[in-house]
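Welcome! Here is a short briefing to read alongside the structure. Please keep the model open while you go through the points below.

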Amino acid sequence: MELPPVVARMWGREPVPRRGPKPRLDLARIVAACIEIADAEGLGGVSMATVASRVGVATMALYRYVGSKAELLTIMADSAAPDPPERDGLPWRDYLARWARANRDFLLARPWLLSVDRSVPPAGPRAMLWLDRALAALGDAGLDAGERVRAATTLSGYAASDAMLTYAMRAPAPDGYDGLSGAADYGHMLDALLDPATYPALSAAVREGAFRGAEGWTDDADFTFGLDLLLDGVEALVARRAR
């Protein structure tokens, strides 16, 4: 099949023109400039004009290398991902815990990645490298190929959603919520608001201390709890397949 243009560009599969002047730039230099701008100014600072200015060409010259700004953002988001962690002989569960945490951490290190449109499945070489390493860890777990892929994508989705929540909770409180500094204050507010007759289960959870003792809105224990739930589910599936 013919590759979509953005996929061909990410993988270096575009036809090389045999005639005409040699290009002054290459895609790697353009993408590096995009990432520098996004790291410094956020995704809002990235435009065809700002990137062109950074690499020293006219804006229209960039269209020799990418078809649109959306294509450029797709390519830069893939390129900004680091290498996945090494397995170092870890059992599959321990490695996937490391893998999911590393996935979450690089998103938090570059939160502008959370704003990139992900309306199409990931297809870049970096994203595929992360998926490959997760599948390799599950290779001897007794799951079929579809189950391995779904387990990996569930974990990456959890990492992304936790990164999004953590980043949002680190932002200043919105207008009208200045008195809430974290989950503990939120629990106190709910305790004052909830009528146990209307919200019996939630009222009981609040009074049992569901939000008590938290520092800020999120902490590492929250991420670990959810990750363990998911890995317990994968482990139960592995056990069922073994039977």
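## Salt bridges and overall form

Asp39 and Arg110 join their side chains in a salt bridge, at 2.9 Å from N to O; a salt bridge here is a side-chain nitrogen of Lys or Arg within 4 Å of a carboxyl oxygen of Asp or Glu. This pair links distant parts of the chain, with Asp39 in helix α2 and Arg110 in the loop between α5 (92-109) and α6 (125-137), 71 residues apart. This is a predicted model, in which local features need pLDDT of at least 70, side-chain atom pairs count only at pLDDT 80 or more, and totals for chains, interfaces and linings use all residues. Residues are numbered from 1 along each chain as its sequence is written, and side-chain values use heavy atoms, with hydrogens and water left out.

**How open the first pair is**

- Asp39 counts as partly exposed, at 42% relative accessibility. (Buried means under 20% relative accessible area, exposed over 50%, and partly exposed in between, with a 1.4 Å probe and protein chains only.)
- Arg110 is partly exposed as well, at 25% relative accessibility.

**Other salt bridges**

- The structure holds 15 salt bridges.
- One of them pairs the side chains of Glu36 and Arg54, at 3.0 Å from N to O. Glu36 sits in helix α2 (residues 27-41) and Arg54 in helix α3 (residues 48-55), so this bridge ties together parts that are 18 residues apart in sequence.
- Glu36 is partly exposed, with a relative accessible area of 44%, and Arg54 is partly exposed with 41%.
- Another bridge joins the side chains of Arg98 and Asp88, at 3.2 Å from N to O. Arg98 belongs to helix α5 and Asp88 to the loop between α4 (69-79) and α5, so the pair connects parts that are ten residues apart in sequence.
- Arg98 counts as partly exposed, at 34% relative accessibility.
- Salt bridges that share partners also bring Arg101, Arg104, Asp105, Asp162 and Asp220 together in one network.

**A closer look at Asp88**

- Asp88 is found in the loop between α4 and α5 and is exposed, with a relative accessible area of 63%.
- Although Asp88 is not a glycine, it has a positive phi of about 55°. Most residues other than glycine have a negative phi.

**The fold as a whole**

- The chain has ten helices and zero strands. (Helices, H or I with at least four residues, and strands, E with at least two, are DSSP runs numbered from the N terminus.)
- The chain has a radius of gyration of 23 Å, well over the 18 Å that the globule rule gives for 243 residues, so it is more spread out than a compact globule. (The radius is taken over C-alpha atoms, and the rule is 2.2 Å times the number of residues to the power 0.38.)
- Along the principal axes, the C-alpha atoms fill a box of roughly 75 × 55 × 30 Å.
- Of the contacts in the chain with a separation of 6 or more, 72% come from residues 24 or more positions apart; contact means heavy atoms within 4.5 Å.

**Surface and burial**

- Of the 243 residues of the chain, 34% count as buried.
- The accessible surface of the chain comes to about 14,500 Å², and 56% of that belongs to carbon and sulfur atoms. (Areas come from the Shrake-Rupley method with a 1.4 Å probe; for residues, only the protein chains shown count as cover.)
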